[in-house]
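Here's a quick walk through two contact surfaces in a protein model. Have the sequence and the 3D view open as you read.

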Amino acid sequence: MSRLGAVFQGLREQNRKGVIPYVVAGDPSPDGTVSLLHQLVAAGADVLEIGVPFSDPMSEGPIIQKGHERALANGMNLSAVLEMVSVFRRDDQRTPIVMMGYANPIERFGYSAFADACAVAGVDGLITVDLPPEEVDEIDAALQAVGLDNIFLISPTTPEARIQTIVDRARGFIYCVAVKGVTGSGQLDTDAVAARVATIQGMTTLPVAVGFGIKDASSASAVAKVADAVVVGSALIAEMEAMGRAENASEIQIHGGAVKLLQSIRSGVDSSPS
Amino acid sequence: MTSEVTPELFSTVPDASGRFGRFGGKFVAETLMSALADLEQLYADLKDDKAFQSEFDLDLAHYVGRPSPLYEAARLSDHIGGARIFLKREDLNHTGAHKVNNTIGQALLAKHMGKKRVIAETGAGQHGVASATVAARLGLECHVFMGEEDIRRQALNVYRMKLLGAHVVSVTSGSRTLKDAMNEAMRDWVTHIDDTFYIIGTVAGPHPYPMLVRDFQSVIGREARAQSLAQTGKLPDALVACVGGGSNAIGLFHPFLQDADVAMYGVEAGGKGLETGEHAAPLSAGTPGVLHGNRTYLMQDEHGQILDTHSVSAGLDYPGVGPEHSWLKDIGRVQYVAANDDEALAAFHRLTRIEGIMPALETAHAMAHAEKLAATMSPDQQIVVNLSGRGDKDILTVAALDGIEV
């Protein structure tokens, strides 16, 4: 069984919900990313989502955009992100890693070469924001050939017939986008999310993770009541940005902001009766 | 590839998935897919609808002032020596450029969809002004996204948009130019997807935009073709147009694509020279990739990050290009070349002094290449240049470059 499959099966058996933090590889510093990932696992992450920096991150709000800009200024690129995953895997064989990014760096790398490199590095799944089902065939075939999961987004504007099309070809889990908008924006409508997740769960047995708009323990707890996992990104990056503003802030202090928030989200999710 | 090019080929693109060969497509976030499907359906219904077409034609005639003249620049032709140079006078359109042909068309689509809010990206501000203009006329709320750097160098157009009632949103991310304005417009669109129509200003973006913008702009080439035949008794030997995203060029070229004897030249912004890397010429010096919803030639580094561009003209300062141009390049139907900043400025001054026509700096790139080309041709041959916009907006830039304080 894949790492993603094993983790979600374990969660179901324990009647628990998953917590998936998102950070941008190379932000705030390339040297610190691997230790940050281990810290997030220690703080309760079930799956790690790693943002691949891109010059034009069209679906990101200002907080994650700045993360991409900092990472690129630090010289980050797709090969370096894959290298980070390899280094992480030396000490953690269990936690699934999903890479999230945009098509162009992968196109440039070559779809097939990229899928092979992911498999070697120990990546488990891929979310490519600007590869909807209509454009995904090539990379999906390359990923399947090496046993990796392509993870699809379903948005509040996706019609029901289209949801069926998407879940029919999805693997790993479904990423349900909670709000119309970019990352870190919008007010979460928990009732609407609950209805949406129920619709999706009626069409697939794959786990459903919900992201966009989850900021803290209480929003995470509310969403965890209805979904299989919660994704939190902008709020973690905002915490690190805030800690980083202090003069002479150490890496431990900067990461500490995100780690503390994730611990609190973990408790919120675990206290949520399901 | 060239040997497979038949006249029928040009009517087969884009295909149902929005592809021009390997280019084009719908590379966008899931949230936008249903809005694109709605737009595609609406356009398929209206495209050949007589009432819609006559509404569009009437607006072009009475509001834009079409047809625009095909003017023979005889004094310039004499000055250069060689082919006769004709100018398709899109600068005489209402709002001063070809951009309004498209905003009229898309505003009609927005009206049919019942959208009350329109957004647009702009570089030089011509598309922003043309969008603000149609929004004012239809009573729509209008937000124009413009890079901070472009707001500085196109202050006159910014004020025009504000006078027209548009909100001009300063974009401070990335390189603060047209590419970033388009990113921000996309972000706004996903956030306000229910009530907002995105008026894309060029033949780029996800399907169906490259197709529908091409169709709205093709009035330029249809008129130029008929005018050439009426005024000279034959088709032109060559067409020349500047290419940023490429809407004025496609507009001129498209109705001539099946005329195999008509040569075509798309002129990109060579900036400080292609060899310096400081330019905006993806077709001349780029590689294929995916940006802003389509696969096309891009200026990018070895890791697939989009590069900053440079051009004296804000409207050409874009690292991508419409996917149909990428296809026309690959099949060899259109030649893509570059004119650098200095050549464009010289051409700007020459047309102004010799013909009394002040072109936009974007257009001056086309003029620079047309002059070079004309000199290699004979007096019984003729060139049509798309005089895509007027230069009033650029006089402060030109003055600054010439070291003059206005």
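How many salt bridges are there between domain 1 of chain B and domain 2 of chain B? The count is two, a salt bridge being a side-chain nitrogen of Lys or Arg within 4 Å of a carboxyl oxygen of Asp or Glu. Arg22(B) and Asp330(B) meet in a salt bridge through their side chains, at 2.8 Å from N to O.

Some ground rules: this is a predicted model, where local features need pLDDT of at least 70, side-chain atom pairs count only at pLDDT 80 or more, and totals for chains, interfaces and linings use all residues. Residues are numbered from 1 along each chain as its sequence is written, chains are lettered from A and ligands numbered from 1 in the order in which they are written, and side-chain values use heavy atoms, with hydrogens and water left out.

**Inside chain B**

Chain B splits into domain 1 (16–59 + 99–213) and domain 2 (67–97 + 218–401), with bounds from an automatic or database domain assignment. Their C-alpha centres sit 22 Å apart. The contact (heavy atoms within 4.5 Å) draws 40 residues from domain 1 of chain B and 42 residues from domain 2 of chain B. On the domain 1 side, Phe23(B), Arg153(B) and Lys179(B) lose the most area to domain 2 of chain B, together 19% of what that side buries.

**Between the chains**

Now for chain B against chain A: 36 residues of chain B are in contact with 36 residues of chain A. Glu30(B), Arg187(B) and Gln305(B) lose the most area on the chain B side, together 24% of what that side buries. Glu30(B) also makes a salt bridge with Arg162(A), their closest N and O atoms being 2.8 Å apart.

Here are the buried areas, meaning the accessible area (1.4 Å probe) that two parts lose on being put together, summed over both:

| Pair | Buried area | On carbon and sulfur atoms |
|---|---|---|
| Chain B and chain A | about 2900 Å² | 47% |
| Domain 1 and domain 2 of chain B | about 3200 Å² | 59% |

The rule finds five salt bridges across the interface of chain B and chain A.

**One residue to look at**

Finally, find Glu223(B) in helix α10 (residues 219–232) of chain B, a helix here being a DSSP run (H or I) of at least four residues, numbered from the N terminus. Glu223(B) is buried, with a relative accessible area of 12%; buried means under 20% (1.4 Å probe, protein chains only). Leaving out residues up to four places away in sequence, Glu223(B) touches Arg66(B), Pro67(B), Ser68(B) and Lys88(B).

Methods. Helix = DSSP H or I, 4+ residues; strand = E, 2+ residues; numbered from the N terminus. Buried < 20%, exposed > 50% of the residue type's maximum accessible area, 1.4 Å probe, protein only.
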